Amino acid sequence: MNSAKILIYDGSFNGYLTTIFKAFDEKIDIADIQKNNQSQSGLFSDVETVFTQMDKAKRVWNGISKKSTLSMKNIYFAFLSESKGVELLLFNYISKLFSNNTSSFHGYTEDTNIKVEQLARMVSKEKQKIEAKLRFQLTKDHVYFAPIEPDFNILPLISKHFRSRFSDKQWIIYDTKRKYGLFYDLFSTEMISLDLKEINTHNLLQSSIFSRDTHTTQDVWDNYLANTAIKSRINTKLHTPYVPKKHWKRLREKTAV
């Protein structure tokens, strides 16, 4: 009898789908699925690395699309949550999706579907908040820059929104937590990595990369806030449900008063 395997993938969504293909195709008894930079071997499990193959990833994704378009969204959004154990959770979810006999599927519980949907909703909610509240600053290179530090890996989800909304401007949205960003050059969007040693995401510390007009506008806004804010009327309990404290360091109206 073959022991259960831990499959290691490169962390990408296509890499994950390739891993799902291998698990199905070879009928592997899965102990876990892990990213290559977070892998831990199991005591009684074999470990195997899976290399991304786009053709196999597409076959799995096309198969899911034929089953349910809603499931496609749930799977992708839940995957981007980067929640601990999400790979195995989604493997169970996808296996259930393709299974005609749910009783024969080992490891599946009715909670699987609920957990995936909950993760997908959480990611969707943060995506909407970022789209509504993101603010850009103009750099000296005439590129608009916005740092973010989201709980979930939502950059792949917000690209379309900002390409449509700011199609006439070059911009970068940079995830300082995951150390990669999106760069839009008026024609296309690509993923980039930057050296951000000079940039402090706290807006009060003015980096030399930003234009003089940007700093002047910030100074005027700071003076306005300092002179109009009534500290005795500040209600942090009211603010928190609408703008969580983790975002306050990027809001000048919070840091300037």
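**Group meeting talk: a predicted fold**

The protein has nine helices and eight strands; helices (H or I, at least four residues) and strands (E, at least two) are DSSP runs, numbered from the N terminus. This is a predicted model, in which local features need pLDDT of at least 70 and side-chain atom pairs count only at pLDDT 80 or more, while totals for chains, interfaces and linings use all residues. Residues are numbered from 1 along each chain as its sequence is written, and side-chain values use heavy atoms, with hydrogens and water left out.

Start with the sheet. An open sheet of three strands has the order S2-S1-S3, and its pairing is parallel. Two strands count as paired if DSSP finds at least two bridges between them. Strand S2 (30–35) and strand S3 (46–49) stand at the edges with a single partner strand each, so one side of each has no neighbour in the sheet. On average, neighbouring strands of this sheet are turned by 20° against each other, direction ignored.

Strand S1 (residues 5–9) is joined to S3 by four bridges. For Leu-7, the bridge partner in S3 is Glu-48. Helix H1 (residues 13–25) packs on the sheet and touches S1, S2 and S3. The direction of H1 makes about 150° with that of S1; axes are lines fitted to C-alpha atoms, for helices over the stretch in contact, and angles run from 0 to 180 degrees between N-to-C directions.

Next, the interior. Of the 257 residues in the protein, 42% are buried. Buried means under 20% relative accessible area, exposed over 50%, and partly exposed in between (1.4 Å probe, protein chains only). A nonpolar core is a set of buried Ala, Val, Leu, Ile, Met, Phe, Trp, Tyr and Cys residues joined through side-chain atoms within 4.5 Å.

Which residues touch the most other members of the largest nonpolar core? They are Tyr-16 and Ile-173, in a core of 48 residues. Leaving aside neighbours within four places in sequence, Tyr-16 has contacts (heavy atoms within 4.5 Å) that include Ile-33, Phe-79 and Phe-91. A second, separate core has six residues, among them Val-143 and Phe-145.

Last, two loop residues. Lys-27 lies in the loop between H1 and S2. Lys-27 has a positive phi of about 50°, although it is not a glycine. Is Lys-27 buried or exposed? Lys-27 counts as exposed, at 73% relative accessibility. Glu-82, in the loop between helix H3 (69–80) and helix H4 (86–98), also has a positive phi, near 55°. Glu-82 is partly exposed, with a relative accessible area of 35%.
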